[in-house]
Amino acid sequence: MSFTAEVKDELSRIEDPSRSCRVAELSALMRVCGTLSFHGSGTHSLRVTTETGAVARTVIRLAHSVFDLDTSLTVRRSVLHKTRNYLIEVPDQPKLEGALVELGILVPGQGLVSGIPPFVVPQAADKAAFLRGAFMAGGFIADPRGDFHLEMAVSGEGLAQGLIDLCAVCGVTARLNRRRGAFAIYLKSFDDIARFLLVVGAARTARAVGNVRHLKSVKNTVNRSVNAEMANARRASGAAAEQLALIDRIEAGPGLDTLPPALAAFCKLRRAYPNLPLADLGRKAYPPLSKSALYHRVVRLEAIDKEWAASHTSLSQ
């Protein structure tokens with residue numbers, strides 16, 4: 001089961017006791033994945049198609065419990081994609097037109113509604129229920145172990161803008177993307193996705209996404225620490241190699257026996273521990289020396305090397 005399917009399955013198990021919330025949820029489900037047909041006799045029929053069993057169950061449950069509508073279900077299997085497709089048909093019946101009006105889908109004598117009528121989502125709970133239905137019908141959420149991404153695909157611009165407005169009222173920042181005649185409402189921010197999941201009732205998924213974010217944060221912190229340590233090690237290794245090369249030049253030039261005791265001791269210590277950074281090398285000295293003390297000895301050796309090189313060049317000329 002995909003992560004999106006898991007979320008929709010969780011949402012399908014919510015049975016809101018409020019009739020207005022159930023109306024709002026069913027309205028969104030039918031608006032997003034339903035097709036309304038007008039017949040010459042002034043009658044209507046409705047078809048809802050989905051590839052998610054949880055969505056099909058929810059549409060049928062709400063249609064029966066809220067409006068007592070007759071429905072039929074056909075399950076088809078795609079041989080090519082090895083997926084199921086659910087077709088729910090709501091035939092013409094005396095209660096259908098009144099239901100479509102109350103759902104905010106149809107205005108008698110005028111046709112389909114464009115946006116989201118305020119009477120469908122009068123309260124905060126109704127707005128959350130409408131968003132839940134819209135996500136179940138046309139939503140997708142990426143596995144949080146990858147990128148954080150949530151979107152809902154709809155066909156009408158008025159409905160798309162209405163969903164963005166509902167998200168804003170619920171404290172969620174959503175954006176609109178036009179895709180070849182369709183519209184996608186998407187969320188990229190972790191905080192917005194977590195807030196949306198809580199609003200629509202997917203508390204379990206919201207906790208799971210939060211746990212993944214925490215693990216990602218810990219992993220990133222560890223990676224930064226390891227990368228910093230590796231970079232420091234590379235720098236220390238490069239500095240130690242330069243110091244060994246410096247000692248070799250002095251040995252070949254003025255000679256190590258010409259150095260003051262402190263510098264000669266450093267050269268011996270560095271050759272004994274060729275890979276240690278200065279801080280660790282200082283702890284090997286007796287008595288122990290600070291990193292600063294050893295660094296100043298390196299500076300003095302560099303000055304001696306430069307002086308000898310300059311004098312040697314001058315004599316050769």
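This is a predicted model: local features need pLDDT of at least 70, side-chain atom pairs count only at pLDDT 80 or more; totals for chains, interfaces and linings use all residues.
**Entry 1: Arg270**

I found Arg270 in helix α9, which covers residues 261-272. I then looked up its polar partners, and saw that the side chains of Arg270 and Gln243 are joined by a polar contact of 2.9 Å, while a polar atom of the Arg270 side chain lies 2.9 Å from the backbone oxygen of Leu276. Leaving aside neighbours within four places in sequence, I listed the contacts of Arg270 as Ala240, Gln243, Leu244, Ile247, Asn275, Leu276, Pro277, Leu278 and Leu281.

**Entry 2: Helix α5**

Next I checked the length of helix α5, residues 124-138, and noted that its 15 residues should span 21 Å at 1.5 Å a residue, which agrees with the 21 Å between its end C-alpha atoms. I also noted that α5 is mostly covered, with 13 of its 15 residues buried.

**Entry 3: Leu11**

I turned to Leu11, which is found in helix α1, residues 3-12, and which is buried, with a relative accessible area of 0%. Leu11 and Gly133 stand 122 residues apart in sequence, yet I read 8.8 Å between their C-alpha atoms. Not counting residues up to four places away in sequence, Leu11 touches Arg132, Phe135 and Met136, and also Val200, Gly201 and Ala202.

**Entry 4: Helix α7**

Is helix α7 largely enclosed or open? I counted it as largely enclosed by the rest of the structure, because eight of its eleven residues, in the run 190-200, are buried. The buried residues of α7 include Phe190, Asp192, Phe196 and Val200. At the start of α7 I noted that a side-chain oxygen of Ser189 comes to within 3.2 Å of the backbone nitrogen of Asp191, and just after α7 I found Gly201 with a positive phi of about 105°.

Within α7 I picked out Ile193, which counts as buried because its relative accessibility is 1%, under the 20% cut-off. Ile193 and Thr173 are 20 residues apart in sequence, and their C-alpha atoms are 9.1 Å apart in space. Setting aside neighbours within four places in sequence, I recorded that Ile193 is in contact with Ile141, Phe148, His149, Leu150, Leu187 and Lys188.

**Entry 5: Cysteines**

Cys33 counts as buried at 10% relative accessibility, and Cys267 counts as buried at 2%.

**Entry 6: Backbone exceptions**

Most residues other than glycine have a negative phi, and most peptide bonds are trans. Asp68, in a residue type other than glycine, has a positive phi near 55°; I placed Asp68 in the loop between α3 (53-67) and β3 (72-78), and at 48% relative accessibility Asp68 counts as partly exposed. The peptide bond from Tyr286 to Pro287 is cis, with omega near -5°, and Pro287 lies in the loop between α10 (278-284) and α11 (291-316).

Conventions: Residues are numbered from 1 along each chain as its sequence is written. Side-chain values use heavy atoms; hydrogens and water are left out. Helices (H or I, at least four residues) and strands (E, at least two) are DSSP runs, numbered from the N terminus. The expected span of a helix is 1.5 Å times one less than its number of residues. Buried means under 20% relative accessible area, exposed over 50%, partly exposed in between (1.4 Å probe, protein chains only). A polar contact is a pair of N or O atoms within 3.5 Å; within protein, one must be able to donate a hydrogen and the other to accept it, and residues adjacent in sequence count only if both atoms are side-chain atoms. Contact means heavy atoms within 4.5 Å.
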